Amino acid sequence: MCGIVGYIGYEQAGPFLLDGLQTLEYRGYDSAGVCLNDGSELIVKKAKGKLKVLKDMTHDGEDLRGTVGIGHTRWATHGEPSDVNAHPHLSESGRFAVVHNGIIENYQLLKDYLTSKGVEFRSKTDTEVIAQLLEYYYKGSLVDAVIKALEKLDGSYALGVISQENPDEIIAVRKESPLIIGLGENENFLASDVTAILARTRTIYRLENNEIAILGRESVRIINTDKEEIHKEQETVDWDVNAAKKGGYEHFMFKEIMEQPKAITDTIAPRIKNGRVVLDEVSLSAEELKNFNKINILACGSAYHVGVVAKYIFEKMLRIPVEVDLASEFRYRDPIVNDKTLTVVISQSGETADTKEAMKEAQRRGSHVISIVNVVGSAIAVESDDVIYTWAGPEIAVATTKAYSTQLAVIYLMALYFGEMLGTIVPDEYKALVKELEELPDKINAVLENKERIQYLASKLFNSKDVFFIGRNIDYALSLEGSLKLKEISYIHSEAYAAGELKHGTISLIEEGTPVIALATHEELIGKIVSNIEEVKTRGAQVMCIACDNHKELEGVGEMIFIPKVCDMLLPSLAVIPLQLFAYYVASLKGCDIDQPRNLAKSVTVE
């Protein structure tokens, strides 16, 4: 959940480190720090709070001297946010410095052992044990000390290490947490995410588990823990560097909401050829697909909500039973999964720790895994049997928008592709659905053009203490995401309920003035949801209703937001736009930190 960056070259490292951390602040932002080797000692500057505190302290890095350095922006796990607990962490003598993303599960045992040897600790973090272990094991070779320390560590980690004793190198190590190496001319880099280095290089190595990179100014070597050389293929990143910038928008979240038509086009267009969906990424034959008697979907957060939508779509279009699991719970319920189960794993980053471990459990039980991932070469992508990339481009705001929408787009592609293979979609319906899918980006643009209406409604409700979302069928699945968006960035208590469950207890929470956001897009259940709306209105609720524009008769049920009529399968992609915008405008009116909401981080790389 933390962000790591490193530089070694012939330029002053400070400004680059702070610029790199700026792009990584979505990964954590309760404190930040840097450590530079100035040729004679390690200089550490770190501060509690947003990166701006550190930037102001160091005049944007201009006060920092040294051409070798590492930096870190933190999302706290062990030890509260503070100057002392901020990374980098030094060993007792100050000769070794470490930045770390992940969790050291056995840190207390290691700390107790080192304390018994007379080592004094400064912080309450798990990371400091790594710096102290390096000094404890150092016998003239930093690489040997790193390998010895790794033998003692249990847990997940991406590490950047520098040493006063080895002033011309950085050591980088990865186990379960993401880390990449950037290759430049007379300079090299390490980072948690390519966005941190795109301004300087597009040529990278992606470290795999237990690989150790030794970065010099003019070379990079990669070895395993037996010190055997590893020859890796270089990769070229083709993301537009401007995609990781705000581009004139006030917030990344708003920019990414507005980017959704393009992102969905980038996801679907290459996979529709001559009126047919073609998923070359999927290795399954029609016979293998017919052998599955169940689909399991594993995900966390918003990706889980995509999975709930997918359950309705897959069961209707493929006629195969679908189970949707929170990945954090899947491993602990002794799931019934075998070689007749198709597992679909959804993760924006491809590094979500719970999702990755749940995927491994499914594979151990014989299941074929297809992952839906945005980040090329990420752990989940690499370890899946098949991977379908969303091609959403970098998503910087912590609250997902375009990643959610492109994941939905992949679900539509899969439903059509598998439906044709299984023969569960008749040709005329298939042709019509493909055509509507191709038209989807234009219809999303039409919804975005109505953003002033949504801003107006947000201005009426932004002072609310509680907000409820209701819907039926696929509208209920979507209401889960609408509720999450609102509470993530506005800090308003919000809940989503299947509308038919209101009378089973929830309606007791409705009182005069309570906002209720009702989704009424599912054609077959309009009458039912209108009845539920009347139930909450009778008890004083303020209703905002999202419906398709062919149902103007709903005008009287509340404040209306109309979306273009589209087939049931694609409704979530249109209806989610007003929900995203509503959350954004409410948070903006409340003055919240929209891109970096409190206590959250973009990529959850620890369980």
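**Note on charges and contacts in the model**

1. In this predicted model, Asp63 has a relative accessible area of 44% and is partly exposed. Asp63 sits in the loop that runs between helix H2 (51-57) and strand S4 (68-74). Together with Asp19, Asp60 and Glu62, Asp63 forms a surface patch of negative charge.

2. Side chains of opposite charge can pair when their charged atoms come close. Across the whole structure, 33 salt bridges are found. The next two points take up some of them.

3. Helix H9 (residues 301-318) holds both Lys311 and Glu315, which are four residues apart, about one turn of the helix. A salt bridge joins Lys311 to Glu315, with 3.0 Å between the closest N and O atoms. Lys311 is partly exposed at 28% relative accessibility, and Glu315 is partly exposed at 26%. Another salt bridge links Lys255 and Glu259 (2.6 Å, N to O); Lys255 is buried, because its relative accessible area of 5% is under 20%.

4. Arg333 pairs with Asp325 in a salt bridge, the closest N and O atoms being 2.7 Å apart. Arg333 is partly exposed at 37% relative accessibility, whereas Asp325 is buried at 9%. Through salt bridges with shared partners, Lys294, Glu323, Asp325 and Arg333 make up one network.

5. Is Thr521 buried or exposed? Thr521 is buried, with 2% relative accessibility. Its place is the loop between strand S24 (515-520) and helix H17 (526-538). The side chain of Thr521 makes a polar contact of 2.5 Å with the side chain of Asp475.

6. Tyr332, in the loop between helix H10 (327-330) and strand S19 (341-347), is exposed at 56% relative accessible area.

Conventions: Residues numbered from 1 in each chain as written. Predicted model: local features only at pLDDT ≥ 70, side-chain atom pairs only at ≥ 80, totals over all residues. Heavy atoms only, no water. Patch = residues over 30% accessible without salt bridge, like charges linked within 9 Å, V, L, I, M, F, W, Y side chains within 5 Å. Areas by Shrake-Rupley, 256 points an atom, 1.4 Å probe, with all protein chains shown as cover. Salt bridge = Lys/Arg side-chain N within 4 Å of Asp/Glu carboxyl O. Lys, Arg positive; Asp, Glu negative; His and termini not counted. Charge placed at Lys NZ, Arg CZ, Asp CG, Glu CD. Helix = DSSP H or I, 4+ residues; strand = E, 2+ residues; numbered from the N terminus. Buried < 20%, exposed > 50% of the residue type's maximum accessible area, 1.4 Å probe, protein only. Polar contact = N/O pair within 3.5 Å; in protein donor to acceptor, adjacent residues only side chain to side chain.
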